[in-house]
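Have a look at the picture, then read on.

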Amino acid sequence: MHLAYPAVLAALLFCTGLYGVLARRNAILVLMSVELMLNAVNLNLVAFDVWLRDTLHAGQALTLFTIAIAAAEIGIGLAIVLMVYRNRGTSDVDRLRDTAEGNEPAPTAEPAPTEVAA
């Protein structure tokens, strides 16, 4: 099999994932797009491992490592998105900028309580 077939498929997958990351506003769809991009990288790793006839199969080993990292990333990312949705009522990425530390309103100074002498 030619190397061009999986390389073109991986490029299409990666471009689709990149479009999803840049164009989507829903955090869950952004996470799915990142997974598409990681799968494109995994496809390239395995294709080049087969094409180079590596005796150590380093591309396949790195692919398994990437799959494990992607599973942890999607688990933690989904938990964060669900907590943000519960607290804010939306998973819109543009509205999440309000959660930055610099955008919080300044606390109002309360007068110190005065002691009354008995």
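Asn42 touches Thr63, Thr66 and Ile67, leaving aside residues up to four places away in sequence; a contact here means heavy atoms within 4.5 Å. Asn42 sits in helix H2, and with a relative accessible area of 7% Asn42 is buried. For accessibility, buried means under 20% relative accessible area, exposed over 50%, and partly exposed in between, using a 1.4 Å probe and protein chains only.

A word on what you are looking at: this is a predicted model, where local features need pLDDT of at least 70, side-chain atom pairs count only at pLDDT 80 or more, and totals for chains, interfaces and linings use all residues. Residues are numbered from 1 along each chain as its sequence is written, and side-chain values use heavy atoms, with hydrogens and water left out.

Now for the overall layout. The protein chain has 3 helices and 0 strands, giving the pattern α-α-α along the sequence. Helices (H or I, at least four residues) and strands (E, at least two) are DSSP runs, numbered from the N terminus. Of the chain's 118 residues, 20% count as buried. Take the contacts between residues at least 6 apart in sequence: 54% of them join residues at least 24 apart.

Back to H2, which covers residues 27–52. At 1.5 Å a residue, its 26 residues should span 38 Å, and the end C-alpha atoms are 38 Å apart, so the two agree. The expected span is 1.5 Å times one less than the number of residues.

Searching the whole structure turns up 1 aromatic pair. The rings of Phe48 and Trp51 have centres 6.1 Å apart and planes at 85°, so they meet edge-to-face. Rings of Phe, Tyr and Trp (its six-membered ring) pair if their centres lie within 6.5 Å; planes under 30 degrees apart count as stacked, over 60 as edge-to-face and the rest as tilted. Phe48 and Trp51 are 3 residues apart in H2, so about one helical turn separates them.

Trp51 shows up again in the largest pocket, whose lining also includes Met1, His2, Pro6, Ala47 and Arg53. About 160 Å³ of space lies in this pocket. H2 gives the most to the lining, with 4 residues. The lining divides into 7 nonpolar, 1 polar and 1 charged.

Just after H2, Arg53 takes a positive phi of about 55°, although Arg53 is not a glycine. His57 is not a glycine either, and has a positive phi of about 55°. Arg53 is in the loop between H2 and H3, and His57 lies in the loop between H2 and H3 too.

Here is how accessible some of these residues are:

| Residue | Relative accessible area | Class |
|---|---|---|
| Phe48 | 35% | partly exposed |
| Trp51 | 48% | partly exposed |
| Arg53 | 70% | exposed |
| His57 | 41% | partly exposed |

Definitions and conventions
On a 1 Å grid over the protein atoms alone, a cavity is a set of points where a 1.4 Å probe fits but cannot get out, and a pocket is an open set with protein on both sides within 12 Å along at least five of seven lines; lining residues have an atom within 4 Å of a point. Grid points are joined across faces, edges and corners, and a volume is the space filled by probe spheres set on the points. Ala, Val, Leu, Ile, Met, Phe, Trp, Tyr, Cys and Pro count as nonpolar, Asp, Glu, Lys and Arg as charged, and the others, Gly among them, as polar.
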